[in-house]
Amino acid sequence: MRRAVVLSLAILIAAGGCKKKPLSANLNAENKVAVRPVTLFFEGPEMLLVRETRNVALPENPAGALSVVARELIKGSSNAGVPPIFPRDTVVRATFLLPDGTAFVDLGGNTLTQGWGTGSHEELMAIYSVVQTVTTNFPDAKRVRILINDEPAETLAGHVNLSRALLPSATYVAR
Amino acid sequence: MNRSLSLLAIAFASSLLLLAQAPTPTPSPNPANLATLRTASGDKQITIAHQNGNTYFAADEVIAALGGSVTKDGNGFKAALNNTVAAFGTDSRFGVVKDDLIEMPVAPVTIDNRPFVPWQFFQGFLVRASGLDATWDAAGKILQVHPAQTTAAGVTVSVANVQGISKVVLTLTAPADYNIVKEPGAYTIRFKTAIRAPYAEQAHDDPNVAKTTFTGNDLRIQLTAPDVVADAYRLENPFRVVLDLRKGAAVAPGTPQPLNSTRPVEAPGIHTIVIDPGHGGKEVGAIGPGGLMEKDATLALCQKLAAALEARLKTRVVLTRNDDTVVPLDQRTAIANQYHADLFLSVHMNAVIVKGAHGAETYFLSLDASDKLAEKAAELENASKSAAAPAASSDLKLMLWDLAQQEYLNESSRLAQAVQEEMNRITGIQSRGVKQAPFKVLIGATMPAALVEVAFITNPEEESKIKSDAFQKSVVDAITTAVERYKTDYETRIGIVQPPPPATTAPTAPVTTTTKPATRTGT
């Protein structure tokens, strides 16, 4: 009860424009949110990544925006003719952006957890769709490391080395 | 209206009064919620909390006491100390620092909007930020911060037999220097820094390893027979010391070996080829629309390929697996290194979501994904040239292991080019070209190495072809011819065979790729 009173007062003071803002789990309360265009990468008919622009409500804070953008990517293309790269049950569990330019994207979902049975091409497309999307939308992110279920992963599907952060690569993007 | 304003004013004044009297948003100073932070500069009381049987420490108090700060950052927190920043949040038991992870037994929690972390967070962060380490004395309720040199690395041991070779793998929580000492009927790994032994002694049901015994910082591997010999090497991420034990003569193990010394001096040329059938066991790989599993297709093809290579080239051919079993990716490369192979070829079937894709692709390793690694290696190499850098020299060897394949990239590209060209000759196969990718199975190979994607198993037409004996034979012929071409070309270039007349020779093309090489720069 006493804690509730203190919390209420803190909210009252914040609403009154006090500089000492309370901390909150609600990103929208902490960050100014605006609808902005983001660039997502999906596999096109030429078997290379193609860009898709989408307007998304994003917090200004890159650390908060990173999760939103990663989740938009995993939702798949808005073009019904473009199949999703990742297994449909894939989720973005968390993201981090370090000051040194390394972005961490923690993925989960039953298929990735049990072991994704796919070939190297599809695995490359999936991984670099994340790498290209993150580094394109967040200039501070220079490289991306992918985790699976909170853990460092050897690979996503048995081919591509995930034990280190990956740089963006034009090799996998359609001109 | 006036009455309303008066009430609001009274309410606001009361609020301010209550606020002035309210406690700060920290747990109350109950002795149960306090512990001692012990550093070189003295003791200080810090706030702790208990939830679900776990003890958490006020991260902001501890880091501030050490001269740093903790701030809210997006949906997580940021700890800064000595220009090193760690990020952590309540949704993960891993924090991140310097492209590395800080593992905690449970995720941090927030109490009154303040971050509380398990003590292991300080252990992981301080080592990287300040060369300090932390230990928690639960009985005395003392969180002690001390120099990291006293840290004992945790060790786990696994013993597994692969094709007659017993792999003893020691996985350490931190890199450590060591020597390996050969004794009658045993090998002893003598760590130069403290380790935490997982057990005192353990017996093993293994043809070469009888038991393993920890004494102090030594691990003694008792062999089943005096003629069991070992090759030793180490791997990174996580740090591992590996002993491959087998009966018969082998390279004597010694201190951690520099890159090139993992290969013995032997007759130049191509004498041993390791063929790697992709996937296996529960790692089925891609599955065709008709149900054909990649692991089965690669094994059937590779068994035929091995026989063809042995028959035509008169070389020794080793398969990384000869049945339906899981072989970890780094073990596949390790097998090639163990046999001192001159070539390594991994065979896979491709998969794609785009309909109608067909054709073969051949890859060799791309190291462009590891800019930080390359920078670090260069940094360490420069540092090791100075007199006062023994640690850097040790680290450099570790880095070089990860960069092992880099030395062979030129030859790997020639091998990949030869394989791709011969695959292109198979009727009906569309070339998808030679490419580079950061494939795990190619890292660490100390010989030319390539990975061929024979066809798209996800394409119903190609799936049917893959099952057919005729197609398998044509693929086996193509790859065998490619390896023969590469062998002849290589042995000609190093001068151990005479170059054949130009009219009958198809020298391997210079190093080119059909795709744009990846850049090493960021966006």
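Student: In which loop is N82(B) found?

Tutor: N82(B) lies in the loop that joins β5 (76-81) to β6 (84-88) of chain B. Please keep in mind throughout that this is a predicted model.

Student: What phi does N82(B) have?

Tutor: The general idea comes first. Most residues other than glycine have a negative phi. N82(B) is not a glycine, and yet its phi is positive, at about 50°.

Student: Which phi is seen at N113(B), positive or negative?

Tutor: N113(B), also a residue other than glycine, has a positive phi near 65°. Its place is the loop between β9 (109-111) and β10 (114-117) of chain B.

Student: Why does N113(B) count as partly exposed?

Tutor: Burial is read here from a count of neighbours: 20 or more other C-beta atoms within 10 Å make a residue buried, and 12 or fewer make it exposed. N113(B) has 13 C-beta neighbours inside 10 Å and so counts as partly exposed. N82(B), with 14 other C-beta atoms within 10 Å, is partly exposed as well.

Student: What does V109(B) touch, not counting residues up to four places away in sequence?

Tutor: V109(B) is found in strand β9 of chain B. With that exclusion, its contacts are Q51(B), Y56(B), T90(B) and F116(B). V109(B) has 16 C-beta neighbours inside 10 Å and therefore counts as partly exposed.

Student: How should I read the pairing of strands? How many bridges join β2 to β3 in chain B?

Tutor: In general, strands of a sheet pair through backbone hydrogen bonds, either parallel or antiparallel. In chain B, strand β2 (residues 42-51) and strand β3 (residues 54-58) run antiparallel and are joined by four bridges. One may follow this pairing at H50(B), whose bridge partner in β3(B) is T55(B). The hairpin of these two strands has two residues between them, and there N52(B) takes a positive phi near 50°. β3(B) is also joined to β10(B), in the antiparallel sense, by two bridges. In that pairing F57(B) stands opposite V117(B) of β10(B).

Student: What order do the strands have in the open sheet of five strands in chain B?

Tutor: The order is β15-β16-β20-β19-β18 (chain B), with antiparallel pairing. At the edges stand β15 (178-183) and β18 (201-203) of chain B; each has a single partner strand, so one side of each is without a neighbour in the sheet. On average, neighbouring strands of this sheet are turned by 15° against each other, direction ignored.

Student: How many residues of helix α5 of chain B are buried?

Tutor: Helix α5 (residues 329-338) of chain B is mostly covered, with 10 of its 10 residues buried. Among them are D330(B), R332(B), I335(B) and N337(B). Just after this helix, H340(B) takes a positive phi of about 50°. For chain B, buried residues make up 41% of 523.

Student: How is the packing of two helices to be read? At what angle do α4 and α10 of chain B pack?

Tutor: An α-helix has 3.6 residues a turn, so residues three or four places apart point the same way. Helix α4 (residues 294-313) of chain B packs against helix α10 (residues 469-493) of chain B at an angle of about 45°, their axes being 9 Å apart. α4(B) is therefore oblique to α10(B). The crossing of the pair is right-handed. From α4(B), the residues that meet α10(B) include L301(B), L305(B), A308(B) and R312(B), and from α10(B) they include Q472(B), V476(B), I479(B) and V483(B). By class, this contact has 10 nonpolar, two polar and four charged residues.

Student: Which residues make the contact of α3(A) and α5(A)?

Tutor: Let us begin with the geometry. Helix α3 (residues 62-75) and helix α5 (residues 120-137), both of chain A, pack at an angle of about 140°, with 10 Å between their axes. They are therefore oblique to each other. L66(A), V69(A), A70(A) and L73(A) of α3(A) make the contact with S129(A), V130(A), T133(A), V134(A) and N137(A) of α5(A). These residues divide into six nonpolar, three polar and no charged. The crossing of α3(A) and α5(A) is right-handed.

How values were computed: Residues are numbered from 1 along each chain as its sequence is written. Chains are lettered from A and ligands numbered from 1 in the order in which they are written. This is a predicted model: local features need pLDDT of at least 70, side-chain atom pairs count only at pLDDT 80 or more; totals for chains, interfaces and linings use all residues. Axes are lines fitted to C-alpha atoms, for helices over the stretch in contact, and angles run from 0 to 180 degrees between N-to-C directions. Angles under 35 degrees count as roughly parallel, over 145 as roughly antiparallel, 65 to 115 as roughly perpendicular and the rest as oblique. A crossing is left-handed if the near helix is turned anticlockwise from the far one by less than a right angle, and right-handed if clockwise. Two residues are in contact if their C-beta atoms, placed from the backbone, lie within 7 Å. Ala, Val, Leu, Ile, Met, Phe, Trp, Tyr, Cys and Pro count as nonpolar, Asp, Glu, Lys and Arg as charged, and the others, Gly among them, as polar. Two strands pair if DSSP finds at least two bridges between them.
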